[in-house]
Amino acid sequence: MRLWSLHPMYLDVKGLVALWREGLLARAVLKGKTKGYTNHPQLIRFKNQKNPVLFLDTFLNQVYLESKHRGYNFNLEKIGTKHTLEQIPVTRGQLSYEMQHLLGKLQQRDQEKYQQTIKKLKEDKFPLPNPVFKIIPGDIELWEKVKH
């Protein structure tokens, strides 16, 4: 399970669809509707919120908006309609790590999206997060399973 901190615009088709599916799985976990993945590291930051499902729905709404922007047909009824303006902190180090991880995936499976993402990064100077997150100083998050 990977719940990207990055803005979903950076993901290729495969990544966006996977994020939606994994986000829905995470939502089921947080609602107690599944026995697996209950202690998954990617869920820690959502579990630490007063209303974890509200924050995950806000996260997934951004994924939905990106899918709609691209002309896909994700089912909005699978998530809640309420969202929060509060944000979860994410470190600059985490965003940098995730972008490098994503670029490796894109370079292997979607050269066009890889080139688009490189160009976008030059414009933005630093990867943008999913809007449910706010960037704070720091290294890679402690919950991240770093691949060397």
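Close-up 1. Setting aside neighbours within four places in sequence, L102 is in contact with W4, L6, Y10 and L11. As with every view here, this is a predicted model.

**Close-up 2. How α4 packs on α5.** Two packed helices can be described by the angle between their axes plus the distance between those axes. For α4 and α5, the angle is about 145° and the axes sit 6 Å apart. On the α4 side, look for M99, L103, L106, Q107 and R109; they meet Q111, K113, Y114, T117, I118 and L121 of α5. Sorted by type, the residues of this α4 contact with α5 come out as six nonpolar, three polar and two charged.

**Close-up 3. R2, a buried arginine in the segment before α1.** R2 counts as buried because its relative accessibility is 14%, below the 20% cut-off. What does the side chain of R2 join through a polar contact? The partner is the side chain of E144, at 2.8 Å. Leaving out neighbours within four places in sequence, R2 is in contact with E144 and also with L19, E22, Q42, Q94, Y97, E98 and H101.

Note on methods:
Residues numbered from 1 in each chain as written. Predicted model: local features only at pLDDT ≥ 70, side-chain atom pairs only at ≥ 80, totals over all residues. Heavy atoms only, no water. Contact = heavy atoms within 4.5 Å. Axes fitted to C-alpha atoms, helices over the stretch in contact; angles between N-to-C directions. Helix = DSSP H or I, 4+ residues; strand = E, 2+ residues; numbered from the N terminus. Nonpolar A, V, L, I, M, F, W, Y, C, P; charged D, E, K, R; others polar. Buried < 20%, exposed > 50% of the residue type's maximum accessible area, 1.4 Å probe, protein only. Polar contact = N/O pair within 3.5 Å; in protein donor to acceptor, adjacent residues only side chain to side chain.
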